[in-house]
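Colleague: I have some questions about this model. Can you take me through them one at a time?

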Amino acid sequence: MDQTESYPVKLYVYDLSKGMARQLSPIMLGKQLDGIWHTAIVVHGKEFFFVGEGINSCPPGTTSMGGPDSIVDLGSTEVPEAIFMEYLATLGESTYGRDKYNLFEHNCNTFSNEVAQFLTGKKIPSYITDLPAEVLSTPFGQALRPLLDSIVINPGGNNVTGQR
């Protein structure tokens, strides 16, 4: 009888503000934000994330942001590494190619959510995916949008699809 191998899937969550969002958001936005979230999927011994140059990877917890602020266990997958890498290559040629990044609408969290659903059938926590809408629902968020739209988060790593 064939045994299907199972691989753990984790969501690494980083607060890009390093705690400043928690302190300043009530004053600036009129509502409490616990962080400005960057996420990555960890599977098959690597951390995968989407940035302005496309899909990148690195050993888990070794981005320029240091270790994650929290780790969410998303369960496990039976998708082998070779098939997963083919899936990422396809995403890198289409939806998550270089220059498709948008801080509010198509970012690392959008990528993590899509990849998590592919691997496990589960979405990432809504407090992460709802953050852009929460910020943009405030007058200050709307005023800052033109500036924030030009920001691209890049924590380093190696480009998975060779699109640098």
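Colleague: Where is Thr95 found?
Modeller: This is a predicted model. Helix α2 covers 81-93 and helix α3 covers 108-120. Thr95 is found in the loop between α2 and α3.

Colleague: Which residues is Thr95 in contact with, leaving aside its neighbours within four places in sequence?
Modeller: Ser94 is left aside here, although a polar contact of 3.3 Å joins its side chain to that of Thr95. His106 is 11 residues away in sequence and 9.1 Å away in space, C-alpha to C-alpha. Contact is judged on heavy atoms within 4.5 Å. On that basis the partners are Lys100 and His106.

Colleague: How many bridges join β1 to β2?
Modeller: Strand β1 spans residues 7-15 and runs antiparallel to β2. Tyr14 stands opposite His38 in β2. The number of bridges is six.

Colleague: Which residue in the turn between β2 and β3 has a positive phi?
Modeller: β2 and β3 run antiparallel, joined by three bridges. Val43 stands opposite Lys46 in β3. The two strands form a hairpin with two residues between them. The residue with a phi of about 55° is His44.

Colleague: Which helix gives the largest share of the nonpolar patch?
Modeller: The patch is formed by Met20, Leu24, Ile27, Met28 and Phe140. Together they have about 460 Å² of accessible area. Leu24, one of them, is partly exposed at 34%. Four residues come from residues 20-28, which is helix α1.

Colleague: How many residues apart are Arg22 and Asp34 in sequence?
Modeller: Side chains of opposite charge can pair when their charged atoms come close. Arg22 and Asp34 form a salt bridge, with the closest N and O atoms 3.9 Å apart. Arg22 lies in α1 and Asp34 in the loop between α1 and β2, so the pair ties together parts separated in sequence by 12 residues.

Colleague: Which strand holds the salt-bridge partner of Asp73?
Modeller: The structure holds four salt bridges. In one of them, Asp73 meets Lys10 at 3.6 Å, N to O. Asp73 is in β5, and the pair is 63 residues apart. Lys10 sits in strand β1.

Colleague: What relative accessibility does Glu81 have?
Modeller: Glu81 meets Lys46 in a salt bridge at 3.6 Å, N to O. The pair links helix α2 to strand β3, across 35 residues. Lys46 is partly exposed, with 33% relative accessible area. Glu81 also counts as partly exposed, at 33%.

Colleague: Which residue does the side chain of Asn56 make a polar contact with?
Modeller: Asn56 lies in strand β4, residues 54-58. Its relative accessible area is 0%, so Asn56 is buried. At 3.0 Å, the partner side chain is that of Glu53.

Methods: Residues numbered from 1 in each chain as written. Predicted model: local features only at pLDDT ≥ 70, side-chain atom pairs only at ≥ 80, totals over all residues. Heavy atoms only, no water. Pairing = 2+ DSSP bridges. Patch = residues over 30% accessible without salt bridge, like charges linked within 9 Å, V, L, I, M, F, W, Y side chains within 5 Å. Areas by Shrake-Rupley, 256 points an atom, 1.4 Å probe, with all protein chains shown as cover. Salt bridge = Lys/Arg side-chain N within 4 Å of Asp/Glu carboxyl O. Buried < 20%, exposed > 50% of the residue type's maximum accessible area, 1.4 Å probe, protein only. Polar contact = N/O pair within 3.5 Å; in protein donor to acceptor, adjacent residues only side chain to side chain.
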